[in-house]
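Here is a short briefing for someone meeting this structure for the first time. Keep the model in view while reading.

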Amino acid sequence: MYFSKQIIEWYFKNKRSLPWRNCSDTYKIWLSEIILQQTRVQQGLPYFNSFIQKYPTIELLAKASENEVLKLWQGLGYYSRARNMHATAKEITEKYNGVFPNDYKNILSLKGVGPYTAAAICSFAYNLPYAVVDGNVTRVLSRFFGIQTPLDSSEGKKEFEQLAQELLIEEKAAENNQAIMEFGALQCKPKSPNCKLCPLADSCFAFNNKIIAELPKKSKKLKIRKRYFEFFIINNKDKIFIQKRKQGIWKGLYQFPLIENTVKKSESTIEKSKEWKSLFAEPIKILKISPTFKHQLTHQTIFARFWHVKSKSETIAESKSINKKELKNYPIPRLLEKYLENIRII
Ligand code: SF4
């Protein structure tokens with residue numbers, strides 16, 4: 001238990017003060033864990049504060065509309081987290097009378113809660129002996145113990161889970177789990193870990209064998225898909241057209257009518273396409289076309305252009321018309337938000 005004791009000692013000297021720490025409010029712990037999936041603390045903290053301020057209880061979150069929840073989540077990405085969180089708030093309100101379940105099995109059955117989040121909630125809120133295994137934990141374990149098994153393989157997942165569970169000081173599950181996660185986030189960072197001032201350096205395999213940059217290992221290379229989005233900002237006097245996305249990463253968010261291609265196409269090819277014809281039943285006037293913006297997501301690169309056009313049409317396929325001033329009330333992807341910050345809708 002040398003490893004866990006050292007990590008806990010380090011934690012008490014170095015931990016950050018965060019609003020969901022040192023509290024047993026399961027709602028705050030769960031909310032923070034959902035926000036921090038795929039998001040760093042610095043970016044997630046203002047979102048956590050906004051949610052707690054607007055929805056101080058899980059029942060109030062459950063009562064909100066999906067649009068309101070997505071609007072508050074806007075810019076954080078991975079919007080399925082927000083939709084699942086909203087569904088779970090409703091389930092807890094209806095099925096559990098607003099009281100968060102307090103056992104692993106029921107917590108794991110909630111939407112958007114996987115083994116890592118269930119272990120985090122069980123240990124942080126109820127001090128139950130479930131070890132957390134996330135990116136920070138696997139990095140620390142693989143470097144300290146010299147584990148070469150790829151962390152994204154099924155053997156790797158099993159190996160890291162078993163080791164984390166064996167190392168857990170059960171009666172201190174909450175602080176032990178928080179300690180190793182914080183150690184990975186602040187000390188044993190992905191790039192430039194602070195090995196010179198590390199209390200584990202003497203026994204650390206990666207440090208002593210100079211293979212820190214090689215660990216942890218991954219087997220799969222991330223495949224990145226390219227997508228070309230042509231958005232149409234269609235003006236009809238004080239009206240503008242928007243569409244609700246029905247699927248994909250932006251499901252539930254709103255966007256301008258869109259033509260999507262898998263390869264880059266010229267403006268004249270786009271204007272002759274069948275998608276153009278089904279979008280614009282009547283002639284339109286093109287006012288301007290923006291430069292191409294690159295938007296990088298984990299698994300895809302989006303290249304987007306914005307066409308500002310004028311139309312006399314009252315309807316556009318699969319779109320609804322709203323007053324331009326109302327646009328700010330709709331949840332939209334960060335890509336659109338960034339573009340709109342710098343332009344005026346003509
Ligand atoms: S010595 Fe360096 S690589 Fe090893 S645990 Fe400490 S920070 Fe991580």
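Which helix supplies the largest share of the shell around the ligand? That helix is α9, with three residues. The model is a predicted one. Its protein chain holds 15 helices and eight strands, and the chain is divided into two parts, domain 1 (2-214) and domain 2 (225-341).

**Overall build**

- The C-alpha trace of the protein chain spans about 75 × 50 × 30 Å along its principal axes.
- The chain has 346 residues, and buried residues make up 31% of them.
- Consider the contacts in the chain with a separation of 6 or more: 68% of them join residues 24 or more positions apart.

**Ligand shell**

- The ligand is surrounded by 15 residues.
- Cys188, Pro193, Cys195, Cys198 and Cys204 are the closest of these.
- Two helices, α9 (135-145) and α12 (205-208), each give at least two residues to the shell.
- By class, the shell has 12 nonpolar residues, two polar ones and one charged one.

**Two domains**

- The centres of domain 1 and domain 2, taken over C-alpha atoms, are 37 Å apart.
- Nine residues of domain 1 are in contact with 10 residues of domain 2.
- On the domain 1 side of this contact, helix α5 (residues 66-73) gives the most, with four residues.
- That side of domain 1 comprises two nonpolar, four polar and three charged residues.

**Helix α2**

- Among the buried residues of α2 are Tyr27, Trp30, Glu33 and Leu36.
- The buried residues of α2 pack against four helices: α3 (41-54), α4 (58-63), α6 (80-95) and α8 (115-126).
- Gln38 follows α2 and has a positive phi, near 70 degrees.

**Helix α10**

- Helix α10 (residues 154-167) has 14 residues, which should span 20 Å at 1.5 Å a residue. Its end C-alpha atoms are 20 Å apart, so the two values agree.
- Gly156, Phe160 and Ala164 are buried in α10. They lie on the same side of α10 because they cover an arc of only 60 degrees around the axis.
- What do the buried residues of α10 pack against? They pack against α9, the helix that also gives three residues to the ligand shell.
- Ser154, Glu155, Lys158, Gln162 and Glu166 are exposed, on the face of α10 turned away from its buried side.

**Ala317 in a loop**

- Where does Ala317 lie? Ala317 lies in the loop between β7 (300-310) and β8 (320-323).
- Why does Ala317 count as partly exposed? Ala317 has 13 C-beta neighbours inside 10 Å. A residue would need 20 or more to be buried, and 12 or fewer to be exposed, so Ala317 falls in between.
- Ala317 is in contact with Ser278 and Leu279, leaving aside its neighbours within four places in sequence.
- The C-alpha atoms of Ala317 and Gln243 are separated by 9.2 Å, with the two residues 74 residues apart along the chain.

Key: Residues numbered from 1 in each chain as written. Predicted model: local features only at pLDDT ≥ 70, side-chain atom pairs only at ≥ 80, totals over all residues. Near = placed C-beta within 6 Å. Nonpolar A, V, L, I, M, F, W, Y, C, P; charged D, E, K, R; others polar. Domains from an automatic or database assignment. Contact = placed C-beta atoms within 7 Å. Expected span 1.5 Å × (residues − 1). Arc of directions from axis to C-beta.
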